[in-house]
Amino acid sequence: MKRRMLFLLAHPDDETFGPGGTIAKYASEGVDVYLATATKGQAGMVGDPPVTDREHLGEVRAAELLCAAGILGIRKVAFLGFEDGQLLHTPFELIVEKAVEQIRWIRPHVIVGFGPEGVSRHPDHMVMSRVASEAFEAAADPTRYTRQMMDGIAPWATFKLYQFEIAKEILALWNVPLSGVPGGKITTVVDTSAQVDKKVEAFQCHRTQSKDSRRILSREGYREFARRETYVLAKSRLPRVSLPESDLFDGISDDDGA
Ligand SMILES: [Zn+2]
């Protein structure tokens, strides 16, 4: 079985600032890693000093994401085509439909998205958390989005849905206004210690967001923190799971899924 995973996120840089080490780890192990991002980040910062103007920001940030994807080893990036900062005002079903199309096309064994508060509480992240949860169900349901099936795409039941989270205890140490989960809620700790350099290198691709990069990378003990990335297993179709675990593919055997 060729293992496949899909990261379902909101903006260019979410992949690097968040689960970048996990992406690089699985890609280096031969897993086909896909990323679908809802927007091109066209409402974000233009750089400090400016790298581009607002009119071209979406294009530039899409290119920055492809740069990071190359470093992290992502096989393909899909831009779902929604407006940055507007996901809360976009019909929910429309975003779910696009996400379902990606899931049915990629047929991932594992999906990774945001937790309910999306780490930063960015409304787009919070919407994408709900989108991932709904799309996980809908992609497997032959009665949903039947129009897609006529394009030769079939329903697909992904085994597990994870939410990228950071333990509150770590955020408290940094004294940053991010939203985490109590450490005890973390179900899965991925060892990304061999990927720290790659993750930091991918940060450099996001030149327009260099202010954020500098802030994040200068947090005390950041490189030590980046040696692990943590998740909550939100949904599973496996007959049983054994928690805590250290591998997002835990419990999925090589015979499972085409
Ligand atoms: Zn974001």
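Student: In what order do the strands of the open sheet come, and how is the pairing described?

Tutor: Good place to start! This is a predicted model, and in it seven strands make up an open sheet with the order 3-2-1-4-5-7-6 and mixed pairing. At the edges sit strand 3 (76–82) and strand 6 (188–191), each of which pairs on one side only. From one strand to the next, the twist averages 25°.

Student: Which helix packs on the sheet and touches strand 1, strand 2, strand 6 and strand 7?

Tutor: That is helix 2 (residues 20–28), and its direction makes about 145° with that of strand 2 (32–39). Helix 3 (residues 57–72) lies across strand 2 and strand 3, running at about 155° to strand 3.

Student: How many bridges join strand 5 to strand 7, and in what direction do these strands run?

Tutor: Six bridges link strand 5 (residues 160–165) with strand 7 (residues 228–236), and the two run antiparallel.

Student: Now for the inside. Which residues have the most contacts in the largest nonpolar core?

Tutor: The general idea is that in soluble globular proteins, nonpolar side chains tend to be buried together. Here the largest nonpolar core holds 60 residues, and Ala99, Met128 and Ala135 have the most contacts inside it. Helix 5 (residues 123–138) gives the largest share of this core, eight residues.

Student: What does Ala135 touch, leaving out residues up to four places away in sequence?

Tutor: Look for Val96, Ala99, Val100 and Ile103: Ala135 touches each of them.

Student: Why is Lys98 called partly exposed?

Tutor: Count its neighbours. Lys98 has 19 other C-beta atoms within 10 Å, and a residue needs 20 or more to be buried, or 12 or fewer to be exposed, so Lys98 falls in between. You will find Lys98 in helix 4 (residues 92–106).

Student: How far apart are Lys98 and Ala36, in sequence and in space?

Tutor: Lys98 and Ala36 are separated by 62 residues in sequence, yet their C-alpha atoms are 9.5 Å apart in space.

Key
Residues are numbered from 1 along each chain as its sequence is written. This is a predicted model: local features need pLDDT of at least 70, side-chain atom pairs count only at pLDDT 80 or more; totals for chains, interfaces and linings use all residues. Helices (H or I, at least four residues) and strands (E, at least two) are DSSP runs, numbered from the N terminus. A nonpolar core is a set of buried Ala, Val, Leu, Ile, Met, Phe, Trp, Tyr and Cys residues joined through C-beta atoms within 7 Å. Two residues are in contact if their C-beta atoms, placed from the backbone, lie within 7 Å. Two strands pair if DSSP finds at least two bridges between them. Axes are lines fitted to C-alpha atoms, for helices over the stretch in contact, and angles run from 0 to 180 degrees between N-to-C directions.
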